Amino acid sequence: MSDTHAESVLFVRDTMLPEKEPPSSTVGIMGWSRSNLFSTWVNSALTILSLLFIAMLLYRMVPWLLSPTWSAASLTECREMFAATGEGGHGGACWGVIRERWQQLMFGFYPSDLYWRPVLALVLLFVALGPILFAAYVPVKMIWFSMLYPFLAVWLLWGGSIWMPIAAILGFVIVAVAFRVLSSLIIPALALLTGVVLAVLWWTVLAAPFAGGVHSIIPLGIEAVQSREFGGFMLSITIGVTAIMCSLPIGIVLALGRRSDLLLVKAICVGFIEFIRGVPLITLLFVASTLLNIFLPPGTNFDIILRVMIMVTLFASAYMAEVIRGGLAALPTGQYEGADSLGLDYWQAQRLIIMPQALKISIPGIVSTFIGVFKDTTLVSIISMFDPLGLANAIRADTAWNGVYWELFIFIGAVFFIFCFSMSRYSMYLERKLQTGHR
Amino acid sequence: MSTLTDPPAASFKLSMLVYDTRYRAITFQIIALVAFLLFFGWLALNTAQNLADLGKEPSFGFLFEPAGYDINQRLIEYNSQSSHLRAAFVGILNTLLVAFMGCVAATVVGVLIGVLRLSNNWLVARLMTIYVELFRNVPVLMWIVLSMAILIESLPAPRDFRGEDPAATMSFFDSVAVTNRGVYIPEPLFSRGLGDFPIGGAFNISLDLIAILIVLGGSLFVRNRIAQRAEAQQNATGIRPRTWHIQLGVILLPLIVLLAVLGFHLGYPVLKGFNFGGGTYLRNSLIALWLALSLYTAAFIAEIVRAGILAISKGQTEAAAALGLRPRRIMSLVILPQALRVIIPPLISQYLNLTKNSSLAIAVGYMDITGTLMGITLNQTGRELETVLLGMLIYLAISLLISAVMNWYNSRVKLVER
């Protein structure tokens, strides 16, 4: 059969032709732009519109942004500079305000010779976060520094006698010791409860006299700074970091409570979470600024920053609880049953099996809650605290800078953007790192 | 030989309350209850003591006293002689107004940006990514203050509209005036209106509005019936009768007749002296708040929409194409119904967030419930406890209402699973 075929055909190719180059319109920059920018006429129109938009934006923005006003000492001086270059009016950015006031935007009214303290606290924050953020690359022992860090940071920021933070740490030592000693005698939960009660007694009754007494014998301390001198990004970061740190454990407890079989515990947790999530943060800040002193024993008058921190923490924990509840719900039932079949009790199962997986699933939600809390710290400007936005108003109240809007907003917005954007990128990195290929 | 002995008689010992898992749960709950009650009792005692020290008695009587302050943006009649209660009510309506406008605008912009982010046009997709990242990573309060500053700085003042050769002109055939004090748009007027209907002597409800709503509701009902009959006919015969023009007529005709009967016309804003008169006046603060809230929330909604569309597997699109559906029908019949299931729940929480964020109105002086009840009323009467608690309750009620409505909608679009 093949013979007949061979006879009837004059020419049969027995070698492959060499590959041809693809048409020049489908490769290189031409091909790329044809498939990505001009594939259909709608796409072409969109591309041209976008290009026009970008060009117009750059044409307007770049000369404005690049105006050489770095050395100006007031808005009037800026205007004189524009008049001299023939641009007239408010023809460019007046960057002098940033040069003159950036320290204030960063630190508020913190004494300028003590700026090293918040800076050191921020640097140490990253050191303390090391064992948590980059667990693979940091020695495990560093976790002790992370646990000490909160006390160190408070001491660095507010200053005062070193014996106060030490007295606070002693409270936790009391919890640990009581738990160790008692857990062999009674069940762990009761031992922990007893420890906590003892520690609360220590903090409320004995800690202050202890610190005062020791300080009068061995005076060790640094210059104290009042809370009202806090401001700018330092205030935002202080409130934000505190709320973030405290809201995670409280959120875990609330989420567990909400999924608990104990009806009453569940009811309390649901009530708390739904109440907090149902009201705006600003109303909670009003509670902090006006009501909290009414709720507490007569004569208590504690710091406004502390009050705000408490309310922001409560706010963040309710959201955190919902995020973690989502993670717990997403975990297959087999994991819970597997933990039970290994004979683990509730807390062991949570610690060893459930939480590591549930928290991993919830990472995106947790980080976006963090970002939300950090952005929400700007709300304190409404109860007249000097966060960056509050300071921007204060700077405008100065006659030299009356009328400066954009420069301040761009600076503040850029700093917030850098913080929040890097947080979201880190969460993506963490997600990729913890990805095990199965859920 | 082994003998079976009865298990020891179950005698209750006090230690079983802690060690026996049967009783432990009850013990812990009782401990929790006692701790909870003690805590709240402690708060209540402190509050009573503190209020007694300050010489204040908790009462809501102040709500019925004259407020004595003006509210410039309002939906119902209000003057400075009205009560604090009415001021609070104006505030609630303002909150709902900006929340509603914001939700609508945020949904439109958000869906548009979410879809464009998935566009196969590289440049457009990048631009939308920049938009989303820019708006998500900067606090909403800054966007609110910024848009207020933009409105005040960049728009012409009303006096620029004056004179022979004005620096600014009204847009849309002299019907809309955009000024740095706010936007004036034409207002609907009725020359043969039905008047107002007072409820309890406190609120007037426009009878014109009620008539329009009744007629519209009736038309929609008839339209639904027509659609149902068309559906039934299609099921029976396989041919769907053409009804869209009848449906359109049923909705439009009665409405047009009613408006003609009522003498509907538009009242245009007119420049009087140094400011505009007539027309509906949307203040700067409302517009700035609306813009900032909707653009900010749109960035989040865009991500939700994008995630929802990406969650539908490509096989669905391909299967629909294999059935011979065209791209638009694939989107509306196959992708969107499934994507909505993923999109709606997070969308609800974005609506809630927008409503709660509208409390930042106080930063630009828009008089919502935070500005009236928890702002000026609080400062004038000095009743922190009552006003703040009442304000929180109102927000809680609004939030619960929105989530109830949206959950009802969610249960309707939710696909029935096996």
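The legends below describe close-up views of a predicted model.

**View 1. The disulfide of chain A.** A search of the whole structure finds 1 disulfide over all chains, and this disulfide joins Cys78(A) to Cys94(A), with a distance of 1.8 Å from S to S. The pair links distant parts of the chain, since Cys78(A) lies in helix H4 (residues 75-85) of chain A, while Cys94(A), 16 residues apart from it, lies in the loop between H4 and helix H5 (96-107) of chain A. The torsion about the S-S bond of Cys78(A) and Cys94(A) is about 85 degrees, so the disulfide is right-handed. Both Cys78(A) and Cys94(A) are buried.

**View 2. The interface of chain B and chain A.** Here 54 residues of chain B are in contact with 58 residues of chain A, and the area buried between the two chains is about 4900 Å², of which carbon and sulfur atoms give 76%. Asn137(B), Met142(B) and Met392(B) supply 12% of the area that chain B buries against chain A, which is more than any other three residues supply.

**View 3. Polar pairs between chain B and chain A.** Across the interface of chain B and chain A there is 1 salt bridge, formed by Glu133(B) with Arg425(A), whose closest N and O atoms are 3.3 Å apart. The count of residue pairs in polar contact between chain B and chain A is 16. On the side of chain B that touches chain A, the largest share, 15 residues, comes from H2(B), and by class this side has 34 nonpolar, 13 polar and 7 charged residues.

Technical notes: Residues are numbered from 1 along each chain as its sequence is written. Chains are lettered from A and ligands numbered from 1 in the order in which they are written. This is a predicted model: local features need pLDDT of at least 70, side-chain atom pairs count only at pLDDT 80 or more; totals for chains, interfaces and linings use all residues. Side-chain values use heavy atoms; hydrogens and water are left out. A disulfide is a pair of cysteine sulfur atoms within 2.5 Å. Helices (H or I, at least four residues) and strands (E, at least two) are DSSP runs, numbered from the N terminus. Buried means under 20% relative accessible area, exposed over 50%, partly exposed in between (1.4 Å probe, protein chains only). Contact means heavy atoms within 4.5 Å. Buried area is the accessible area (1.4 Å probe) that two parts lose on being put together, summed over both. A salt bridge is a side-chain nitrogen of Lys or Arg within 4 Å of a carboxyl oxygen of Asp or Glu. A polar contact is a pair of N or O atoms within 3.5 Å; within protein, one must be able to donate a hydrogen and the other to accept it, and residues adjacent in sequence count only if both atoms are side-chain atoms. Ala, Val, Leu, Ile, Met, Phe, Trp, Tyr, Cys and Pro count as nonpolar, Asp, Glu, Lys and Arg as charged, and the others, Gly among them, as polar.
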